[in-house]
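Have the sequence and the model open as you read.

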Amino acid sequence: MKNYPNFKIVLSVFALMFLLIAQSSFAQGTGKLKGSSAEERANFQTEWMKEKLHLDSTQVQKVKDINLKYALKNEPIMKSSDGKLTKFRQLKANQTEKEAELKRVFSKEQFKQYEVIKDELQDKMKEKMRNQ
């Protein structure tokens, strides 16, 4: 990896894009999300969060609205011809905003669990990228 100074940036871009698109466990796979609409991705994320974080019905609706807002906001970025670093910066900024909104909806325990799962997914994605 020493021969690739931008490897960390590229790896981070892929990890962030993966989290933004799927935020799902590797057991479920991501194949069914390929070519999906922003609405489908938002619904998938909402169901995933509902299951993993045990959201109540009020939280589910708020989370669904947040997920859809950012799925729609991220779609043109992901489809753009901009460079990976530009996309990464835009997606990361959107993810930071999204997480601030989610934090207001989740309980402290739910947000901690969300961060733990997110970190685990990033680690798995990094490992998967290294093995390719």
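Buried here means under 20% relative accessible area, exposed means over 50%, and partly exposed is anything in between, using a 1.4 Å probe and protein chains only. By that scale, both Lys 118 and Glu 99 are buried.

This is a predicted model, so local features need pLDDT of at least 70 and side-chain atom pairs count only at pLDDT 80 or more, while totals for chains, interfaces and linings use all residues. Residues are numbered from 1 along each chain as its sequence is written, and side-chain values use heavy atoms, with hydrogens and water left out.

**Salt bridges between helices**

Side chains of opposite charge can pair when their charged atoms come close. A salt bridge is counted when a side-chain nitrogen of Lys or Arg lies within 4 Å of a carboxyl oxygen of Asp or Glu.

| Lys partner | Glu partner | Closest N and O atoms |
|---|---|---|
| Lys 69 | Glu 101 | 2.8 Å |
| Lys 73 | Glu 97 | 2.8 Å |
| Lys 118 | Glu 99 | 3.0 Å |

Helices are DSSP runs (H or I, at least four residues), numbered from the N terminus. The pair of Lys 69 and Glu 101 links helix α3 (residues 57–79) to helix α4 (residues 84–105), with the partners 32 residues apart. Lys 69 is partly exposed at 43% relative accessible area, whereas Glu 101 is buried at 16%.

Lys 73 in α3 and Glu 97 in α4 also join distant parts of the chain, being 24 residues apart. Here Lys 73 is partly exposed at 35%, and Glu 97 is partly exposed at 37%.

Lys 118 belongs to helix α5 (residues 108–130) and Glu 99 to α4, so this pair ties together parts that are 19 residues apart in sequence. Elsewhere, salt bridges that share partners join Arg 41, Glu 75 and Lys 79 into one network.

**Helix α3**

The expected span of a helix is 1.5 Å times one less than its number of residues. For the 23 residues of α3 that gives 33 Å, and the end C-alpha atoms are 33 Å apart, which agrees.

The buried residues of α3 include Val 63, Ile 66, Tyr 70 and Glu 75. Another is Asn 67, which is buried at 0% relative accessibility. Leaving aside residues up to four places away in sequence, Asn 67 touches Ala 42, Gln 45, Thr 46, Met 49 and Lys 98, where contact means heavy atoms within 4.5 Å. With Thr 46, the side chains make a polar contact at 3.0 Å.

**Helix α4**

α4 has 22 residues and reaches 31 Å from its first C-alpha to its last, close to the expected 32 Å. Its buried residues include Phe 88, Leu 91, Lys 98, Glu 99, Glu 101 and Leu 102. Seen down the axis, the buried residues of α4 fall within an arc of 160 degrees, so they line one face of the helix; the arc is that of the directions from the helix axis to the C-beta atoms. The face turned away from that buried side carries the exposed residues Arg 89, Lys 103 and Arg 104.

Conventions. Helix = DSSP H or I, 4+ residues; strand = E, 2+ residues; numbered from the N terminus. Polar contact = N/O pair within 3.5 Å; in protein donor to acceptor, adjacent residues only side chain to side chain.
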